[in-house]
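I opened the notebook to record what I looked up, entry by entry. The sequence and the model come before the notes.

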Amino acid sequence: MKVLVTGGLGYIGSHTCVQMLKAGMEPIIVDNLCNAKLAVLDRIQALTGIRPQFYEGDVRDETFLNKVFSEHNINSVIHFAGLKSVGESVSKPLEYYDNNVNGSLVLARAMRTAGVKSIVFSSSATVYGDPKTVPITEDSPVGATTNPYGRSKYIVEECLTDFYQSQPDWSITLLRYFNPVGAHPSGTMGEDPQGIPNNLMPFIAQVAVGRRDKLSVFGNDYPTPDGTGVRDYIHVMDLSDGHIAALNVLGEKSGLHIYNLGTGNGTSVIEMVNAFSKASAKPVPYEICPRRPGDIAECWASTAKAEKDLGWKATRTVMEMTADTWNWQSKNPQGY
């Protein structure tokens, strides 16, 4: 199976490409390298013995995409390419809508031109906004998003849903991720954000490895057991396997398919800090700061639908998430 993977050198994309190669699939990677490094391609090759075909380019460039599609008999697309920082999206909403929404529409047009009718879209649990109840099911209300990043994912979901209504022979899969963390167990690949990390785990890891002085914990007055935000953290390897399952089960199956990818368990910020300290045998100093705009108190997934339909379930524990992150960061203190 030949699969175009947009954003394939990014954090989740690169780990998924490794798992795809091991499953006998052929990823064709497109990435503009705005939040990824070319060195990732070497790591994928070192882990799998295969160097995937790579094109440097932007999903907003329709001429470029048409060229890629014309050169390969592509069966399906996994669309990872997108900006992903909640905080940054609040200060740069236009850039997020241009990249995430416009990029997705250009990609869908190029797919239609090429006759490729199967796409797996990297969506987010942020489409649920501030949930009234947890765990969150795929039928929970969507659209009351609290930041432009989440809104951009919701808008793309709506666009693809409308498109499916007009093209019912397409297979469109919306995978709503919860909070991806962890790294390849070899320690050769992991999350390497540009600049100051926006997500919890890479920030903790950079404090532990000495790159940063302390972690900022945004809010300790939420209605949660220890007052800090509770999230459903999922190991990036489990998340990658979820994409393989979606491609295998739904790649040729027309329909609009929606799945949560999470563990079904919530972990607080302080619980994650303590788990990381244990895994790394390093203290992680932190300070309590005011809440960030757009953050919510708690959210975790119901994973029953993915288990039933895809035969997929996240299996890796919080200790594995933190141990694999530390293995990556300690071996690569400056990232790639």
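**Entry 1: the cavity**

I sorted the residues lining the largest cavity by class and got four nonpolar, three polar and one charged. I note at the start that this is a predicted model. Next I wanted the residue names. The lining consists of G182, E191, M201, P202, A205, T325, W328 and Q329. Two helices stand out here: α7 (200-208) and α11 (318-331) each supply at least two of the lining residues. I looked up the volume, and it is about 40 Å³. How many cavities of 30 Å³ or more does a search of the whole structure find? It finds one.

In general, rolling a probe the size of a water molecule over the atoms shows where empty space is left.

**Entry 2: a pocket**

I moved on to the second largest pocket. Its volume is about 360 Å³. I found 21 residues in its lining. N35, L83, E88, Y96 and N198 lie nearest the centre of this pocket. Which helix gives the most to the lining? Helix α5 (residues 93-114) does, with four residues.

I traced the strands next. Seven of them form an open sheet, in the order β3-β2-β1-β4-β5-β6-β11, with parallel pairing. The edges are β3 (53-56) and β11, each pairing on one side only.

Then I took two pairs in turn. Strand β4 (residues 76-79) and strand β5 (residues 118-124) pair in the parallel sense over three bridges. In this pair, V77 stands opposite I119 in β5. Strand β6 (residues 171-177) is joined to β11 by seven bridges, and these two strands also run parallel. Here R176 stands opposite N260 in β11.

Six of the seven residues of β11 (residues 255-261) are buried, so the strand is largely enclosed by the rest of the structure.

**Entry 3: the core**

I looked up the largest nonpolar core and found 37 residues in it. L9, M20, I44 and W312 touch the most other members. The elements giving two or more residues to this core are β1 (2-6), α1 (11-22), α2 (39-48), β6, α8 (236-250), β11 and α10 (304-310). Of these, α8 gives the most, with eight residues.

As a rule, nonpolar side chains in soluble globular proteins tend to be buried together.

Most residues other than glycine have a negative phi, and most peptide bonds are trans. I searched for exceptions.

V134 and P135 are joined by a cis peptide bond, with omega about 0°. I placed P135 in the loop between β5 and α6 (148-166).

L33 has a positive phi, near 65°. I found L33 in the loop between β2 (26-31) and α2. L33 is partly exposed, at a relative accessible area of 21%.

A281 also has a positive phi, near 55°. The loop between α9 (269-280) and β13 (286-289) holds A281. Is A281 buried or exposed? I read a relative accessible area of 68%, so A281 is exposed.

Definitions and conventions. Residues are numbered from 1 along each chain as its sequence is written. This is a predicted model: local features need pLDDT of at least 70, side-chain atom pairs count only at pLDDT 80 or more; totals for chains, interfaces and linings use all residues. Side-chain values use heavy atoms; hydrogens and water are left out. On a 1 Å grid over the protein atoms alone, a cavity is a set of points where a 1.4 Å probe fits but cannot get out, and a pocket is an open set with protein on both sides within 12 Å along at least five of seven lines; lining residues have an atom within 4 Å of a point. Grid points are joined across faces, edges and corners, and a volume is the space filled by probe spheres set on the points. Buried means under 20% relative accessible area, exposed over 50%, partly exposed in between (1.4 Å probe, protein chains only). Two strands pair if DSSP finds at least two bridges between them. Ala, Val, Leu, Ile, Met, Phe, Trp, Tyr, Cys and Pro count as nonpolar, Asp, Glu, Lys and Arg as charged, and the others, Gly among them, as polar. A nonpolar core is a set of buried Ala, Val, Leu, Ile, Met, Phe, Trp, Tyr and Cys residues joined through side-chain atoms within 4.5 Å.
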